[in-house]
Amino acid sequence: MATELCWTSFQLRFALVLFILLDSGMCERNNIFGLRNESVTLSPSHKTKFKDITLKKNKDKVAEWLENSGSLWNSISFKGRITLDPQSGTFTILRAEASDEGQYEIESSSLPASESMTLHIVDKLLQPDLTCASDEENITVSCNMTEDSNFLNYSWNITEPHVHLSEKMVQLSRTVNLYQSVQCTVSNPMSKNESSLILRICVPETNGARNRYGIFGAVILPFLTVLYITGILEEKK
């Protein structure tokens with residue numbers, strides 16, 4: 001009895017692990033990304049000779065091809081922006097728009113089953129805006145983007161010790177080398193961009209430093225002037 005229970009438990013665990021692995025791969029396969037204003041392709045994983053093929057978006061037919069007719073029909077909503085390679089069953093959406101996002105389904109009598117995928121349209125990323133501020137002890141650097149997307153990923157390149165306050169913000173001690181650079185890279189599934197700054201610009205010049213330069217000017221410059229005038233008088237003699 002105990003042996004049977006152990007074997008059943010093992011089978012259940014194996015099935016669960018297998019399901020998670022397959023589900024993870026399927027989720028990755030079903031998420032398609034495209035850049036706004038560029039072309040994006042939707043294609044079935046099963047390769048075969050197609051006699052007919054249909055593309056649906058959110059259950060509505062948006063494109064259809066029949067071998068007998070040889071022509072591709074497009075719905076009015078896509079205004080002829082969908083093309084098809086009937087050999088591979090690959091649909092291409094031209095000049096992709098944000099409104100093209102949604103759940104798509106490819107159907108064909110040549111396929112063993114319909115295939116679904118979710119299309120996400122993202123922007124080509126501009127350079128992030130790096131800003132910084134400091135207090136008596138720390139320097140805080142923020143990496144900001146104008147784009148608002150669930151697919152943004154932030155990474156930092158910093159040689160000095162630092163703390164991540166959030167994915168968009170890091171903090172360093174003012175005792176670090178202020179002539180080191182901080183770099184922020186922002187990426188989405190289709191593009192990436194980066195910006196950097198030198199920590200020195202984050203720390204304002206102290207009054208003490210300005211006073212030292214003031215004292216230097218007040219004491220040394222008059223002394224040099226006296227030496228210069230003395231030299232001229234000696235030459236005249």
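Biologist: What makes Lys 59 and Glu 105 a salt bridge?

Modeller: The closest N and O atoms of Lys 59 and Glu 105 are 3.7 Å apart. A salt bridge is a side-chain nitrogen of Lys or Arg within 4 Å of a carboxyl oxygen of Asp or Glu, so the pair qualifies. The pair links distant parts of the chain, with Lys 59 in the loop between S3 and strand S4 (60-66) and Glu 105 in strand S8, 46 residues apart. Strands (E, at least two residues) and helices (H or I, at least four) are DSSP runs, numbered from the N terminus.

Biologist: What kind of model is this, and how are residues numbered?

Modeller: This is a predicted model, in which local features need pLDDT of at least 70 and side-chain atom pairs count only at pLDDT 80 or more, while totals for chains, interfaces and linings use all residues. Residues are numbered from 1 along each chain as its sequence is written, and side-chain values use heavy atoms, with hydrogens and water left out.

Biologist: Why is Lys 59 called exposed?

Modeller: Lys 59 has a relative accessible area of 67%. Exposed means over 50%, buried under 20%, and partly exposed in between (1.4 Å probe, protein chains only), so Lys 59 is exposed.

Biologist: Is Glu 105 buried or exposed?

Modeller: Glu 105 is buried, because its relative accessible area is 13%. Of the 237 residues of the chain, 32% count as buried.

Biologist: How many salt bridges does the whole structure have?

Modeller: A search of the whole structure finds 7. In one of them, the side chains of Asp 123 and Arg 36 meet at 2.5 Å, N to O. Asp 123 lies in the loop between strand S9 (115-122) and strand S10 (129-134), and Arg 36 in the loop between strand S1 (31-35) and strand S2 (40-42), so this pair ties together parts that are 87 residues apart in sequence.

Biologist: Why is Asp 123 called partly exposed?

Modeller: Asp 123 has a relative accessible area of 27%, so it is partly exposed. Arg 36 is also partly exposed, because its value is 36%.

Biologist: What makes Lys 56 and Glu 107 a salt bridge?

Modeller: Their side chains meet at 3.4 Å, N to O. Lys 56 lies in strand S3 (residues 52-57) and Glu 107 in strand S8 (residues 102-107), so the pair ties together parts that are 51 residues apart in sequence. Glu 107 is partly exposed at 27%.

Biologist: How do you know that Arg 81 is buried?

Modeller: Arg 81 has a relative accessible area of 4%, so it is buried. Arg 81 is found in the loop between strand S5 (72-74) and strand S6 (82-85).

Biologist: What makes the pair of Arg 81 and Asp 100 a polar contact?

Modeller: The two side chains are 2.8 Å apart. A polar contact is a pair of N or O atoms within 3.5 Å; within protein, one must be able to donate a hydrogen and the other to accept it, and residues adjacent in sequence count only if both atoms are side-chain atoms. Salt bridges that share partners also join Arg 81, Glu 97 and Asp 100 into one network.

Biologist: Why is Ile 198 called partly exposed?

Modeller: Ile 198 has 35% relative accessibility, so it counts as partly exposed. Ile 198 is found in strand S16 (residues 191-198).
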